[in-house]
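Me: I'd like a close look at one part of this model. Please keep it brisk, and then show what surrounds the topic elsewhere.

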Amino acid sequence: MAHEAVIRIEGLTRTYTTGSTAVQALRGVDLQVMRGEMLAIMGASGSGKSTLMNLLGCLDSPTSGNYWLDGVRVDGLGRNQLAEIRNTRIGFVFQGFNLLSRTSALDNVELPLLYSHRGLKVDRRQVALEALRSVGLADRVDHEPSELSGGQQQRVAIARALVMQPAILLADEPTGNLDSRTSLEVMALFQDLNAKGVTILLVTHEHDIAECATRVVELRDGHILRDEPVTPRRDAARQLALLPEIGA
Amino acid sequence: MKTLLLVRIAVRSILKNKMRTLLTMLGIIIGVAAVIVMVAVGQGARLQIQQRIDKLGSNLVVVTPGASRSGGVNMGAGSSNRLTLDDYEALKRESMWLSSISPMIVAPAHVVGGSGNWRVAVMGVSTDYSRIRSWNVSSGRHFDETEERAMRKVAVLGQTVVDNLFPEGDPVGQTIQLRDVPFEIVGVLERKGQTAEGRDMDDVILAPWTTVRTRLAGRMYIPQILGSTDSKADIPAAQQEMKAILRESHGLASYDEDDFTLKNQSELAETAQGATEVMTMLLAAIAGISLLVGGIGIMNIMLVSVTERTREIGIRMAIGARGRDVMVQFLIESIVMSLIGGALGVAAGFGGAALLEKLSGWGTVITPQLVALALGFSATVGIFFGFYPARKAAALDPIQALRHE
Ligand SMILES: Nc1ncnc2c1ncn2[C@@H]1O[C@H](COP(=O)(O)OP(=O)(O)OP(=O)(O)O)[C@@H](O)[C@H]1O
Ligand SMILES: [Mg+2]
């Protein structure tokens, strides 16, 4: 079973030092995530969820501790290798979207392809369009972020994370800005991806969102407080079908 | 391959940020244009002076009285600090290198003739003078050697004199009175224009020096003896020889310093250029300041966009751009902007110089080196300040770049 751990971290710490004060955002986190799992990370605000996600997403480096991705140590890898991992193996949805301003949704989604060799081989616009369609935004391709609602921006960010078809999807509060219906749509999408083998880690404050995952981890003050499987798992697609049609 | 994608990214970014692009390019345009106009004016002035010096004649050597060192006027035995006709005759007799030689006796005179009268410097010269100065007649002829030897009262008029005394037409064959002595006009000189100092070279009457010496003597001095050689290569030898002859003629002892000055054409040019040197330096300084201001403009815009760009870089890196990709993109952006801005700046510089020439009448000269210099500097500033923030941001962790305020 140990071979199947897509993500394994041991004693991970992250200390932010600003001037003379040091904030210990993570104080030694151990975690294993198996292939095909869908993990929900919960915890109060400031408990270190985003910090953990950034480390897992290879966006930031830990102060101490080890991180194996697919059995390979990634802490200590060079910047270019980390960039490659971010580009091809991990899709990341930021808490604050982080879309390029004054850039159309399609161009935003296309962006990861421009930094990959795959981008040379495929019809980039078609692939990007496909990703946008999968999040239900096919009719907003030419809109810039400022012309999109929060939920729509969120979905552009998700499409961008999916466009490279990564094996791992990290999402920091992907439903934080969405109403319950759109949240369910996103979760249905995630569950669908998860069913296709994508390992998903998502941060959420909402219990019913967490119940869509297969396992819940709760952080408090940089420690893992709780780590247990979800039973029974909520089926977002089924729930969605039960909701009354809008405008009907 | 992948670079192609980076070019696409860069071009897209330039087009997306039209205002920033325009402002950056404006700095480059102004910098390049200002330098080109300023230096073009300076170089134009130099060229004009050079042309005026060239008008003096070719392969020229000029003897003037007095030592060249202003502080060291030598009053030793036999030294007169003057040039005499004996000097001229000694040079004419003994020099082997000079192919032509002429004294210049200046006799200020009152001229009466034609429609009125005029004050003019009558110059007594030899028949060689026209060859030395490459100064032909526009009508009539120069006086010849027979007339020189016979001290004939013949005169060749400069255009300014003709303009003032004979506005109606060709005066050749008519008579004028110089200090009440009648002279026959045998020719009219071509128009020569102004000297480097702005003196009118056409306000002159030429006559055989022999005639001037005997007929117009009195207040008379010899400011110059002019000589010329057949080729430029002969000039140093000729100068050395002239020096020896003149020292001998002046009876200078070996320890005496020269009481005359020999200058060839390029030395004359240097003297004249000395004055414009200051102006050229001044213009260059102004140009430098313009370039600096342009550079600071470019720098400001680049730095102002850093915040936005740092976040942008963070986003790009977060989705897989390597530091190198980001830097290449920014480098391409900067180069493209600098090139377009530089090209527009060169165009504006040419336009500005042409306009200035038209409005002020100053000559302007734009050399390829000048264009290269102006372009080079602005492009360097543009590329450096475009690239610098990218370099800085690309060295950050993506998450740091994303958090950048
Ligand atoms: N760049 C930083 N510099 C200093 N302190 C930081 C930085 N980023 C986060 N922190 C601190 O680290 C702690 C954990 O922050 P983190 O963003 O991981 O919390 P979170 O669990 O994601 O909270 P939220 O639910 O509000 O998003 C907080 O106390 C925060 O103040
Ligand atoms: Mg957070």
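Reply: Strand β6(B) pairs with strand β7 (residues 181–189) of chain B. The pairing is antiparallel and runs over four bridges. Two strands count as paired if DSSP finds at least two bridges between them. Strands themselves are DSSP runs (E, at least two residues), helices likewise (H or I, at least four), numbered from the N terminus.

This is a predicted model, where local features need pLDDT of at least 70 and side-chain atom pairs pLDDT 80 or more, while totals for chains, interfaces and linings use all residues. Residues are numbered from 1 along each chain as written, chains are lettered from A and ligands numbered from 1 in the order written, and side-chain values use heavy atoms, without hydrogens or water.

Back to the strand. B:Ile176 stands opposite B:Phe183 in β7(B). Two residues separate β6(B) from β7(B), and the two strands form a hairpin. In its turn, B:Arg179 has a positive phi of about 45°.

Now the two faces. In a regular strand the side chains alternate between the two faces of the sheet. β6 (residues 175–178) of chain B has B:Ile176 and B:Leu178 on its covered face. B:Thr175 and B:Gln177 are on the uncovered one.

Strand β1 (residues 5–18) of chain A pairs with β2(A) over 11 bridges, antiparallel. A:Arg14 has A:Leu26 of β2(A) as its bridge partner.

Chain A also holds protein donors for the magnesium ion (ligand 2). They are A:Ser50 (OG) and A:Gln95 (OE1), 1.9 to 2.4 Å from the ion. A:Ser50 lies in helix α1 (residues 49–56) and A:Gln95 in the loop between β6 (90–93) and α3 (105–114) of chain A, so the pair ties together parts 45 residues apart in sequence. Donors are N, O and S atoms within 2.8 Å of the metal (3.2 Å for Na, K and Ca); water is not among the atoms, so sites may look incomplete. A:Ser50 is partly exposed, at 24% relative accessible area. A:Gln95 is partly exposed at 38%. Buried means under 20%, exposed over 50%, and partly exposed in between (1.4 Å probe, protein chains only).
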